[in-house]
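Hi,

Here is the structure I promised to pass on. Have a look at it first, and then read on for what I found.

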Amino acid sequence: MKFTETGIEDILIDLKPLDHAMEKANFIRAGQWDYERVTYDYKIGSPEKNITYYIRVQGYAIEGDVDRGDAVIKLLTPLLGKHYYPTGIEYGDKEEFPETTIERAAKLLANARQNMEPFVKE
């Protein structure tokens with residue numbers, strides 16, 4: 001599921017303040033990066049058996065290098081996915097999500113966006 005109109009998509013921001021803003025909002029980048037891309041995840045548990053939800057924010061370097069820490073990142077539209085054990089995460093439009101999970105994801109994304117605000121490049 002795509003979260004449009006969050007104000008996150010198409011943001012340009014330096015990597016270090018982005019890492020700080022996302023960490024402050026409890027999104028994890030961990031090892032999910034390469035020289036040109038970054039991915040931040042927020043894990044949401046579920047009472048459903050073998051189901052976990054993830055909010056994912058991805059971006060790519062428009063200049064610099066993620067490995068060196070000097071990248072300027074352009075963010076993409078955030079996603080909400082459902083992880084099916086053991087097959088993986090599905091982000092398709094046909095996935096159904098509890099309304100409470102959608103509302104929680106929207107609040108978490110709004111918090112992340114607010115944390116980024118002072119660092120957004122024009």
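Bear in mind that this is a predicted model. Its secondary structure comes to two helices and seven strands. If you want a box for your figure, the C-alpha atoms fill one of roughly 40 × 25 × 25 Å along the principal axes.

Some overall numbers next. Of the 122 residues, 41% are buried. If you take the contacts between residues at least 6 apart in sequence, 58% of them join residues at least 24 apart.

Now for the inside. In soluble globular proteins, nonpolar side chains tend to be buried together. Here the largest nonpolar core has 31 residues, and Phe27, Ile55, Ile73 and Met116 are the ones with the most contacts inside it. Which elements each supply at least two residues of this core? They are helix 1 (15-24), strand 2 (37-44), strand 3 (51-63), strand 4 (72-75) and helix 2 (99-116). Helix 2 gives the largest share, six residues.

Leaving out residues up to four places away in sequence, Phe27 touches Met22, Tyr40, Asp41, Tyr42, Ile55, Val57, Leu108, Leu109 and Ala112. Ile55, itself on the list of residues with the most contacts inside the core, is one of those partners.

Then go to Leu75, in strand 4. Is Leu75 buried or exposed? Its relative accessibility is 0%, and buried means under 20%, so Leu75 counts as buried. With residues up to four places away in sequence again left out, Leu75 touches Ile8, Glu9, Asp10, Ile11, Leu18, Val57, Gln58, Gly59 and Met116. Val57 is among the partners of Leu75, and Val57 also turns up among those of Phe27. Leu75 and Ala61 are 14 residues apart along the chain, with 9.0 Å between their C-alpha atoms.

Two backbone spots deserve a look as well. Glu5 has a phi near 65°, a positive value in a residue other than glycine. Glu5 sits in the segment before strand 1 (12-14) and counts as exposed, at 78% relative accessibility. Asp10 is also in the segment before strand 1, and its phi is near 75°, again positive in a residue other than glycine. Asp10 counts as exposed at 52% relative accessibility, though Asp10 is one of the residues that Leu75 touches.

Last one: Lys107, in helix 2. Lys107 is exposed, with a relative accessible area of 63%. How far apart in space are Lys107 and Thr6, C-alpha to C-alpha? The distance is 9.8 Å, for two residues that are 101 apart in sequence.

Cheers

How values were computed: Residues numbered from 1 in each chain as written. Predicted model: local features only at pLDDT ≥ 70, side-chain atom pairs only at ≥ 80, totals over all residues. Heavy atoms only, no water. Core = buried A, V, L, I, M, F, W, Y, C linked by side-chain atoms within 4.5 Å. Buried < 20%, exposed > 50% of the residue type's maximum accessible area, 1.4 Å probe, protein only. Helix = DSSP H or I, 4+ residues; strand = E, 2+ residues; numbered from the N terminus. Contact = heavy atoms within 4.5 Å.
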